[in-house]
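Please keep the sequence and the coordinates in view while reading.

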Amino acid sequence: MYAGLRRCYQVLDARLVAKLPRELQLLVRGGALRVGRWLFPHRIIAVHVSQVMPGPGQASAWNAPALPEWVSAEMKELARIDADLHPQGELMRSLEHYAIPCEYDEPGRMYAELRRKVIGPVDVVLLVPWLKTGGADLGALHFANALTGNLQQRVLVISTEAAESPWAERLQPQVQFISLGETVKSLPNHPGNNHQLIVLVRLLLQLAPRVIHVMNSRLGWEAIRCHGLALRHASKLYASLYCDDVSAAGQLVGYARSYLTSCYSTLDAVVTDNTAVYRAWVAEMGVPARLFHVVPFPAPVGKSGPASTGVSRKRLLWAGRMDRQKRPDLLVRIAQALPEFHIDVYGSSVWDGDTRSAKELLDLSNVSYHGPYNDFSALVRPEHLAFVYTTAWDGMPNILLEAAAAGLPVIAPQIGGIADFLPTGHLIRDPEDVEGYCEAIRALAERPHLRASRIEQQNERLQHGRTWADFVDQVSALPDYVARQTEPGQKTEAAVAAPH
């Protein structure tokens, strides 16, 4: 009620009262102040209209009220020890009055709204920006569903950006999901005035989960950076990092570069999905290697072996985001060098600045662009020879696991953590080597036994270290991450299937 009446008064004051002669302004505003203090005695601090209306030649509309008598008396006593503390001294005249803005209750209301949505106690809070198409989002699904379905933890997923989360429906029914970003989007989130951060931290402090796990949420990283010591009193703090990004100017950027050096001492562990990237952070930023724990993502359940050998395979499959990282320009050069092969291209058109490569790719007669996709396995056709992956930088791309699970040999560069999954002898050493890509593709086409051997080797790697049960065991092994519900040494069963 107070907020509504206050807004109405502000509109009337700006449009009508402010245009009246000063004497009438004093009369109307004084009356409004008296009514307001009668209705809301604990909300309004000013006691006289002069405190909210500047006099002639005054710049400010606020005159600080006098010190309460008891404060003045105590300061006079203190002045016997330090003369500067006398209530009429120079120091006191230089101080400014600060009044708590009691009428600004939006953060409190939003906190209360969010708190009411959380049912019962929580063991693990996962902080994500959103849940939609992406490798990091898939990782959040894996963690949430494994913790809930296999490890009997009470999990809350909080999205911190004001964006839709269509993948939230992939969470297990027991997992709670709330969109903090949508709730607090009207609050300021500027450095030094981040009320969205205040709401998030207050919610985490009151929930006091055993574990707070930041998974690609910028607001979550800010909570660790600004309030990590307070959060550590009740919660273990974890974060997931997968790889750096590279700016258009060639600068390494991302959450690791922005937050790791300032936050690592507060974190209990950093979880990643590959060995190559965290070793670079250790070498370049000086963070301790013991902080990192590798938890490889599980592969989806797919084909167990190659398709029938009687099919003539003259098509290649490429899928991913169509952006600078995924090198559409390199794909153009590969397609031009292999006119005898047809390339099926799937993915969202992000084309961040490289419109020339986009046009060249779409104009090639041996390339078919099919647009976005939801299920990778549905893209694979019997005539596909291999999955071709091009990238400028990466961690361990989940799409390579999907291609291998679908029974396709993978042709990829030796970048990031890809060598954690594929032998280095199978990878293109120089990511710019178009001829290297072409030789690998022609070798698979001309030597069917080589193709069958590659598929068998990929299947072997999927079955040893990339199953859902393997993933659950790796999560369970993270230090102090899971509250034990079973007897020590009891093996974790794969009670929940991996989300696709």
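Which residue of E16 is the bridge partner of Val388? The partner of Val388 is Ile411. The model is predicted, so local features need pLDDT of at least 70 and side-chain atom pairs count only at pLDDT 80 or more, whereas totals for chains, interfaces and linings use all residues. Residues are numbered from 1 along each chain as its sequence is written, and side-chain values use heavy atoms, with hydrogens and water left out.

**Five-stranded sheet**

- The strand order in this open sheet is E14-E13-E12-E15-E16, with parallel pairing; two strands pair if DSSP finds at least two bridges between them.
- Helices (H or I, at least four residues) and strands (E, at least two) are DSSP runs, numbered from the N terminus.
- Strand E14 (367-369) and strand E16 (410-411) are at the edges with a single partner strand each, so one side of each has no neighbour in the sheet.
- Two bridges link strand E15 (residues 384-388) to E16 in the parallel sense.
- Helix H15 (residues 434-446) lies across strand E12 (315-319), E15 and E16, where contact means heavy atoms within 4.5 Å.
- The direction of H15 is at about 155° to E15; axes are lines fitted to C-alpha atoms, for helices over the stretch in contact, and angles run from 0 to 180 degrees between N-to-C directions.

**Seven-stranded sheet**

- A further open sheet has seven strands in the order E3-E2-E1-E6-E7-E10-E11, and its pairing is parallel.
- Its edge strands are strand E3 (176-179) and strand E11 (292-294), each of which pairs on one side only.
- From one strand to the next, the twist averages 20°.
- Strand E10 (residues 269-272) and E11 run parallel and are joined by three bridges; Val270 has Phe292 of E11 as its bridge partner.
- Helix H11 (residues 275-285) packs on this sheet, where H11 touches E10 and E11, and its direction makes about 170° with that of E11.
- Helix H8 (residues 195-207) lies across strand E1 (124-128), strand E2 (155-159), E3 and strand E6 (211-215), at about 165° to E1.

**Helix-helix packing**

- Helix H10 (residues 255-263) packs against H11 at an angle of about 55°, and their axes are 12 Å apart.
- H10 and H11 are therefore oblique to each other; angles under 35 degrees count as roughly parallel, over 145 as roughly antiparallel, 65 to 115 as roughly perpendicular and the rest as oblique.
- H10 passes H11 in a right-handed crossing, a crossing being left-handed if the near helix is turned anticlockwise from the far one by less than a right angle, and right-handed if clockwise.
- Ala256, Arg257, Leu260 and Thr261 of H10 make this contact with Trp281, Glu284 and Met285 of H11.
- The contact of H10 with H11 comprises four nonpolar, one polar and two charged residues; Ala, Val, Leu, Ile, Met, Phe, Trp, Tyr, Cys and Pro count as nonpolar, Asp, Glu, Lys and Arg as charged, and the others, Gly among them, as polar.
- H5 and H8 have axes 10 Å apart and pack at about 40°, which makes H5 oblique to H8.
- The crossing of H5 and H8 is right-handed, and its contact residues include Tyr111 and Leu114 of H5 and Val199 and Leu203 of H8.
- By class, the contact of H5 with H8 has six nonpolar, two polar and two charged residues.
- The axes of H6 and helix H17 (residues 468-476) come within 10 Å and cross at roughly 80°; the two helices are therefore roughly perpendicular.
- In this contact, His142, Phe143, Asn145, Ala146 and Leu147 of H6 meet Trp468, Phe471, Val472 and Val475 of H17.
- The residues of the contact of H6 with H17 are seven nonpolar, two polar and no charged.

**Salt bridges**

- The whole structure contains 22 salt bridges, each a side-chain nitrogen of Lys or Arg within 4 Å of a carboxyl oxygen of Asp or Glu.
- Arg154 lies in the loop between helix H6 (135-149) and E2, and Asp123 in the loop between helix H5 (106-117) and E1, so the pair ties together parts 31 residues apart in sequence.
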